[in-house]
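Please open the model in a viewer and follow the stops below in order. Each stop gives a selection and then describes what is found there.

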Amino acid sequence: NFGTLISESGGSYTWSENCHEFRLTPWNNDAVTDTSGEAFYIRDEHTGKFWSPTPLPARGESPYVVRHGFGYSVFEHTQDGISSELWIYVSINEPVKFAVLKLRNNSDRRRRRLSLTSFSEWVLGEQRQKNAIHVATEIDPQTSALFARNPFNTDFEGRVAFVASSELARFCTADRTEFLGRNGTLAQPAALRRSRLSGKTGAGLDPCAALQVQIELEPGQEREIAFILGAGQNLEHARDLARRFQNLQTCHEELQKVWNFWGHTLSAVRVETPEPALNLLANGWLLYQTISCRLWARTGFYQSGGAFGFRDQLQDAMALVHARPELLREQLLRAASHQFREGDVQHWWHPPLGRGVRTHFSDDYLWLACATCRYVETTGDTGVLDETVFFLEARAVKPDEEAYYDLPNRSGESGTLYEHCVRAIKNGLKFGEHGLPLMGCGDWNDGMNLIGEKGKGESVWLAFFLYDVLKHFFILAGRRGDKNFAELCETQAKALGENIEKNAWDGQWYRRAYFDNGEPLGSAANPECQIDSLPQSWAVISGAGNRDRVHTALDAVAHRLVRREARLIQLFDPPFDKSPMEPGYIKGYVPGVRENGGQYTHAAIWTVMAFAMAGENSRAWELFKLINPILHAQTPNDVARYKAEPYVVAADVYSVAPHTGRGGWTWYTGSAGWMYRLILETLLGVELAVDELRFAPKVPLDWKSFKLEYRHRETVYHITCINVSGAWKVPPKIFLDGSEQLGAALKLVDDRREHFVEVKFEL
């Protein structure tokens, strides 16, 4: 419900409830200047010299050390004998951001008088330009906090934002023009060239919140000051938050809660393998990216989204069955509440009201059934199937209309989650002349929005995905006793498999789609997009592909789409550029960038999965190392080429000169959750199935062993997988606390004891 995004320069923005619709401070995504609406300053009151404890906006003369951890960032700097350490973090439970600044006088100068200034530009809506005129500010007499509200923001009515300090602020202003000065900048604000701020607040200003605290430091003395920025539901809530968190001890306790939360969440599974780069990603960063960025913040440096994507966060949450399965359960019910009575869904929607788009997208609603099957198969929680959720009600999308944006009504009709899934699947049983699912205004690849614009285009990838959904839901429906729907799933899956083999094979690989006029896409006969990785990968993942054809198709992928010298796997090749084909807005991307023939990491991960699932382990590991972001930054030259954070996954890697090998769109990508599943479930072969772990590693033959620390609820299992025979043959023998267990699965019991397990793979 509250968060902040921060860069290595210290630039940041903060939001409450929705990072797009209710920004407290401005979002900017200029990667060159990294401009920000928040800043901190240290000023030597004897000399008048000032600098920032972060690299921007007022850079000091000596180097900065920046450390990012799980839930916090730290900036260290020393200037003129004053060392500073700035900690930035957000409360786990409350809508409050902390900036705790620790200063130490390392010089022999006595009575170092320093002023510390916190500056924030107010938005209190989507864009500052639209909302600034409406923002009114005041000093709260009870807490000395600076309050701000926007009475014209009806979606977030009554909210009160505030900035406060652990020390009594000597001076303040809510007038940005006063703080910056005429033509001033955050690098050289006029306010820091004067002795004090005016204290001006009210309406009709260029709104900001600038608080200034003054301290003195003797040689060797340290002081800590906290600035807090938050947002209350109303005046009393804001006042309560400001009062509670102005205490430094409380600020420290909140940081401890951040450490405890992420430490517990991210330690549910820990791996120790011969591959350090794999360990680093799997032991924290991938799940942190998935939860903090994708599921909660729904923002990144490159996009301030705010909305839930129907298929997006369902896929993200599917990676959490080991660490936080309850978050997947919540997302299932949240998504179901955004399904229309007809079975289609909102492609995306903005909380809290639910404004969003209704579209002709053909895969969104199927992810509800897919994620529901995964949740029930792994947790055994069949009770979620009986949870009742209301449908939405709105006008249908017109046949010649791609989408429309609106606030739909809640229908008077409701259904169980199971019924929502059934309705979604039935809505997906729409086929074209080749017996393949209709593509609508796009399937997984949004940019291919014109292939089926007239309602006749078909998707081969969607055929494989639908087959996979039908296969899993057939089992779920059968166990639920819904014989009729189970039979329907079985019958439709069989027919779909036959139509795929009859109409989707191109000779060396599977085609991608058929246009409205029946022309194929992803065919050797096409001048562009001759081969697409998606249908080749899902032919394996779904189990629908013919065995011989699958290996032929994977060979084609290895030959046509794997770029070893550039360390990437293309989505398809050649990119769209000058041919007469009009697949959609994807053609507007530069050839070799993003979905248009670059590496779209989401799909590249599926490619690696497919090679592993097809038994081609050595190629799977080779390809995994190609796309592992850690290995894109091993040397200065690597860093200069990749240009992105190597500890999180990038959505895409460019395949065209002069940007070949450059990462783009980091953090806010569903690739993180899928890469976690690739590592833990596909490559290391750890499969959870209702209080059981099964092991089928697809790891290099020269590995002698690898270890897992797996927490089942509150019980920890220390697991060592041992290659006895040199072949990792399954099923293994399992020894629990020294005793051999019956069966090929480890039974998980929550007895709150530590258990030691050996999983031995013998011939």
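**Stop 1: the second largest cavity**

Select Leu5, Ser7, Gly11, Ser12, Tyr13, Pro26, Trp27, Asn28, Asp34, Thr35, Ser36 and Phe301, which line the second largest cavity. A cavity is a set of points on a 1 Å grid over the protein atoms alone where a 1.4 Å probe fits but cannot get out, and lining residues have an atom within 4 Å of a point. The space in this second largest cavity is about 70 Å³. Its lining comprises five nonpolar, six polar and one charged residues.

The model is predicted: local features need pLDDT of at least 70, side-chain atom pairs count only at pLDDT 80 or more, and totals for chains, interfaces and linings use all residues. Residues are numbered from 1 along each chain as its sequence is written, and side-chain values use heavy atoms, with hydrogens and water left out.

**Stop 2: the largest cavity**

Next, select Glu38, Phe40, Ala99, Ser118 and Leu229, which lie nearest the centre of the largest cavity among its 13 lining residues. Strand 3 (38-44), strand 8 (96-105), strand 9 (112-121) and strand 15 (222-232) each give two or more residues to that lining. Strands are DSSP runs of E with at least two residues, and helices are runs of H or I with at least four. About 80 Å³ of space lies in the largest cavity.

**Stop 3: helix 8 and helix 10**

Finally, select residues 366-379 (helix 8) and 460-480 (helix 10), whose axes, lines fitted to C-alpha atoms over the stretch in contact, lie 9 Å apart at an angle of about 40°.

Notes
Axes fitted to C-alpha atoms, helices over the stretch in contact; angles between N-to-C directions. 1 Å grid on protein atoms, 1.4 Å probe; cavity = no way out; pocket = protein on both sides within 12 Å on 5 of 7 lines; lining within 4 Å. Points joined across faces, edges and corners; volume = space filled by probe spheres on them. Nonpolar A, V, L, I, M, F, W, Y, C, P; charged D, E, K, R; others polar.
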